[in-house]
Amino acid sequence: MNVRDSEVICGLLKNSGYKICGDEKQADVIILNTCSVRQHAEDRVWSQIGSFKKAGNKRLIIGVVGCMAKNYAEKIFERAPDVDFVVGPQDIHKIPEILSKISKDNLFERKVWEVDGSIRPNEIYHNSFYQEKEHAYLVISEGCSNFCSYCVVPFVRGRLRHRELKNIVKEAEDAVAGGLTRITLLGQNVNAYKDGDVNFTKLLQRLDKIAGLKQLTFFTSHPKDTHPDFFKAIRDSEKLLKSLHLPLQSGSDRILKAMNRGYSAKEYLALIDSYRKIVKGALLTSDIIVGFPGESEDDFKQTYDLVKKAEFNAAYIFKYSPRPHTEALKMADDVEKADKEKRHAKLLELQRGISNKKNAK
Ligand code: SF4
């Protein structure tokens, strides 16, 4: 999602007369598009801002945009005085105007922040800027209303909003007309997509018909909105990659409930079983969090056993870190750091073995 947002920002700036340069030392403007999903991602941004010291280039403009901007707003200026502007994810269309204002008025001592927007104009997506030559990311929905208890996304990206079918189709057709042949659809929960009577399956079927498009894929899916009928659509499509990213997060029902995930371990297993039966030879990947508040050794063992059974082709395994605004922040972060590390390493080792075995096949 952030890669696509960065492309959108580059497109907006190019259309306003800026050039994208490959070397930050040559740049007049540096914009950091940030992620707040884990503490680690934020720590990296703080240290990176520090490396863009303005000493060498007094006119350098530094902007922080995206989820950290929404999270910290004007407080960013206190911690990073070199930053000139801060723009939240729903306000990125204002960046060219902000830059022009800052440069024209020469207000380098003045700080600008825009973080309260709720809607992005659809036009920002039609700027035909793509980093890759053959592949396009295409946003179908923004935000999320699921409120998993550990997740900051609904607070920084807002509630779920679906883009209109006609705008998605136009963007896809324009991308293909411009020579791109592969498209990845993006949303925090693509399977919840809806525009009138068009659901995600119908959207895929519509995009599947675009002549010249060779490959279609999507992420992320939420198990509670993913149904066997949808697997048949994957099976029957010529262009859809036979691949599904279906975050598990935990194999313990107690923890899944505390995470507000809306499914049980048994339901998850039944779902992937049906997926593999319907889409033969398909790939399956997942996300897992270890060390969520209250996770006991037994809860972890249930996750470990489920990962063993599920045999994911790959899985992203994270150590829990408390995020602002979330329900989980109110719970005690009571799994010792050493235990988080141990569980993380153990699960990683298990998954590595499974991945190697599957890849060798
Ligand atoms: S589904 Fe849950 S984890 Fe995913 S973005 Fe929404 S709230 Fe966050």
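Which residue in β2 does Leu32 stand opposite? I looked there first, and found Val64 in β2 facing Leu32.

**Ground rules**

I am working on a predicted model: local features need pLDDT of at least 70, side-chain atom pairs count only at pLDDT 80 or more, and totals for chains, interfaces and linings use all residues. Residues are numbered from 1 along each chain as its sequence is written.

**Entry: strands around β2**

I followed strand β1 (residues 29–34) and saw that it pairs with β2 in the parallel sense over six bridges. Pairing here requires at least two DSSP bridges between two strands. Strands are DSSP runs of E with at least two residues, helices are runs of H or I with at least four, and both are numbered from the N terminus. On to strand β3 (residues 85–87): three bridges join β3 to β2, and the two run parallel. There, Val65 stands opposite Val87.

Strand β2 (residues 61–66) has five of its six residues buried, so β2 is largely enclosed by the rest of the structure. The cut-offs: a residue is buried if 20 or more other C-beta atoms lie within 10 Å of its own, exposed if 12 or fewer, and partly exposed in between, with C-beta atoms placed from the backbone.

**Entry: whole chain**

I counted 13 helices and 14 strands in the protein chain. The radius of gyration is 22 Å, close to the 21 Å that the globule rule gives for 361 residues, so the chain is as compact as a globular protein of that length. That radius is taken over C-alpha atoms, and the rule is 2.2 Å times the number of residues to the power 0.38. The C-alpha trace spans about 60 × 55 × 40 Å along its principal axes. Of the 361 residues, 35% count as buried.

I also looked up contacts, meaning two residues whose C-beta atoms, placed from the backbone, lie within 7 Å. Among contacts between residues at least 6 apart in sequence, 76% join residues at least 24 apart.

**Entry: domains**

I noted domain 1 (2–114), domain 2 (130–241) and domain 3 (244–361). These bounds come from an automatic or database domain assignment. The centres of domain 2 and domain 3, taken over C-alpha atoms, are separated by 24 Å. In contact across that boundary are 18 residues of domain 2 and 25 residues of domain 3. Helix α9 (residues 228–236) gives the most to the domain 2 side, with five residues. By class, that side has eleven nonpolar, four polar and three charged residues. For the classes, Ala, Val, Leu, Ile, Met, Phe, Trp, Tyr, Cys and Pro count as nonpolar, Asp, Glu, Lys and Arg as charged, and the others, Gly among them, as polar.

**Entry: strands β5, β8 and β11**

I traced strand β5 (residues 135–139), which pairs with strand β8 (residues 182–186) in the parallel sense over five bridges. Leu138 has Leu185 as its bridge partner in β8. Strand β11 (residues 215–219) pairs with β8 in the parallel sense over five bridges. In β11, Leu185 is partnered by Phe218.

**Entry: ligand shell**

Which residues are around the ligand? I found Cys144, Asn146, Phe147, Cys148, Cys151, Val153, Pro154, Gln188, Asn189 and His222. The cut-off is a C-beta atom, placed from the backbone, within 6 Å of the molecule. The shell has six nonpolar, four polar and no charged residues.

**Entry: Val307**

Is Val307 buried or exposed? Val307 counts as buried, because it has 20 C-beta neighbours inside 10 Å. I placed Val307 in helix α12 (residues 297–310). Leaving out residues up to four places away in sequence, Val307 touches Gly251, Ile288, Phe312, Ala315, Leu347, Leu350 and Gln351.
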